[in-house]
Amino acid sequence: MDEWDIPPLVSKSNKVHKRFCLLLIIMAFVGGALIEIVDNSTPDECEEGGALVSIGVFLFWISFLSVAINGLILLVSIFIKEMSTGEVYLQALFHIIMLIVVIAIFGEAIFCHLPFSVAPSYDIGAGF
């Protein structure tokens, strides 16, 4: 290495954040796959699932809501000299891109099992 070369900054904090982002990506894929598998194995696809659907919904939405945590880590990394802000930004961006990919693949099943009610459900055949 030449005397003017800057050594790459690889800190323990960046490694931990990289593992955190990889865990979140795996959680999103596993959650989406569990929801899709259970939905395809039942006759009525958008019916209330069992334990596997609950686990899948939990995994996906925790990963989805962790985008805010990645944003906070990015803001903190600006002020911490040991952390590379660029690497944190790239890992957070990769997490968001992979969430978009998961939604593109498993979107119909994921949005069928939202953890909150979007609109009241009416049974049109009930006769009001």
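User: Among contacts between residues at least 6 apart in sequence, what share joins residues at least 24 apart?
Analyst: In the protein chain, 80% of those contacts join residues at least 24 apart. Keep in mind that this is a predicted model.

User: What elements is the chain built from, and in what order?
Analyst: The protein chain has three helices and zero strands. Read from the N terminus, the order is α-α-α.

User: And how much of the chain is buried?
Analyst: Of its 128 residues, 29% count as buried.

User: How do H1 and H3 pack?
Analyst: Helix H1, residues 12-41, packs against H3 at an angle of about 0 degrees, and the two axes are 9 Å apart. Angles under 35 degrees count as roughly parallel, so H1 is roughly parallel to H3.

User: What kinds of residues make up that contact?
Analyst: The contact of H1 with H3 has 18 nonpolar, five polar and four charged residues.

User: How does the lining divide into nonpolar, polar and charged?
Analyst: Seven residues of the largest pocket's lining are nonpolar, four are polar and one is charged.

Methods:
Residues numbered from 1 in each chain as written. Predicted model: local features only at pLDDT ≥ 70, side-chain atom pairs only at ≥ 80, totals over all residues. Heavy atoms only, no water. Nonpolar A, V, L, I, M, F, W, Y, C, P; charged D, E, K, R; others polar. Axes fitted to C-alpha atoms, helices over the stretch in contact; angles between N-to-C directions. Helix = DSSP H or I, 4+ residues; strand = E, 2+ residues; numbered from the N terminus. Parallel < 35°, antiparallel > 145°, perpendicular 65-115°, else oblique. Buried < 20%, exposed > 50% of the residue type's maximum accessible area, 1.4 Å probe, protein only. Contact = heavy atoms within 4.5 Å.
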